[in-house]
Amino acid sequence: MPIEIVDNSTESRFEILVDGKVAGFADYLLLPTKIVFTHTEVLPAYEGQGLAGKLVGHALQASADTGLRVEPRCPYVAKYIERHPEFQELVG
């Protein structure tokens, strides 16, 4: 099952694709110096496969790579950052 994660900037969300189909997404609001993650969702047919963690990890790394600060309004993103200290320095 090929997995791909893309930044769909037109829709303001990162998407995780499984076999070319959207399986989940992380909505964001892009500001000049930070990215605000507002909601993360994995579609019911794809739950329980660890896709949300892969999606959020990728989204946070992409944010770090572009020098953006992160505001985790989404509870899942906040919990992910809490459990992965390498991303805690992005919050602010």
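Analyst: **Aromatic pairs**

The count comes to 4 aromatic pairs, where a pair means rings of Phe, Tyr or Trp (its six-membered ring) with centres within 6.5 Å; planes under 30 degrees apart count as stacked, over 60 as edge-to-face and the rest as tilted. One of these pairs is Phe14 with Tyr28: the ring centres are 5.5 Å apart and the planes stand at 50°, so this pair is tilted. Phe14 belongs to strand E2 and Tyr28 to strand E3, so the pair ties together parts that are 14 residues apart in sequence. Strands (E, at least two residues) and helices (H or I, at least four) are DSSP runs, numbered from the N terminus.

This is a predicted model, in which local features need pLDDT of at least 70 and side-chain atom pairs count only at pLDDT 80 or more, while totals for chains, interfaces and linings use all residues. Residues are numbered from 1 along each chain as its sequence is written, and side-chain values use heavy atoms, with hydrogens and water left out.

Phe14 and Tyr28 are both buried, that is, under 20% relative accessible area; over 50% is exposed and anything in between is partly exposed (1.4 Å probe, protein chains only). Phe14 also pairs with Phe37: here the centres are 6.4 Å apart and the planes at 35°, so this pair too is tilted. With Phe14 in strand E2 and Phe37 in strand E4, the pair ties together parts that are 23 residues apart in sequence.

Another ring contact involves a charge. The charged end of Arg13 sits over the ring of Phe25, 4.4 Å from the ring centre. The rule for this is NZ of Lys or CZ of Arg within 6 Å of the ring centre and within 35 degrees of the ring normal.

**The sheet that carries the rings**

Strands E2, E3 and E4 belong to an open sheet of 5 strands in the order E1-E2-E3-E4-E5, with mixed pairing. Strand E1 (3-8) and strand E5 (69-72) are at the edges with a single partner strand each, so one side of each has no neighbour in the sheet. On average, neighbouring strands are turned by 25° against each other, direction ignored. Two strands pair if DSSP finds at least two bridges between them.

E1 pairs with E2 (residues 13-18) in the antiparallel sense over 6 bridges, and Ile3 stands opposite Val18 in E2. E2 and E3 are antiparallel too, over 6 bridges; Leu17 has Val22 in E3 as its bridge partner. E2 and E3 form a hairpin with 2 residues between them, and Asp19 in the turn has a positive phi of about 55°. E3 and E4 run antiparallel, joined by 7 bridges, and Asp27 has His39 in E4 as its bridge partner. This pair of strands is also a hairpin, with 3 residues between them.

Thr33 lies in the loop between E3 and E4. Its relative accessibility is 58%, so it counts as exposed. Apart from neighbours within four places in sequence, Thr33 is in contact with Gly67, Leu68 and Arg69, contact meaning heavy atoms within 4.5 Å. Thr33 and Val70 are 37 residues apart in sequence but 8.9 Å apart in space, C-alpha to C-alpha.

**Helices on the sheet**

Helix H1 (residues 51-65) lies across E1, E2, strand E3 (21-30), strand E4 (34-42) and E5, and runs at about 135° to E2. Helix H2 (residues 75-83) packs on the sheet and touches E4 and E5; its direction makes about 120° with that of E5. Axes are lines fitted to C-alpha atoms, for helices over the stretch in contact, and angles run from 0 to 180 degrees between N-to-C directions.

Leaving aside neighbours within four places in sequence, Val77 is in contact with Phe37, Thr40, Val56, Leu60 and Pro72. At 1% relative accessibility, Val77 counts as buried.
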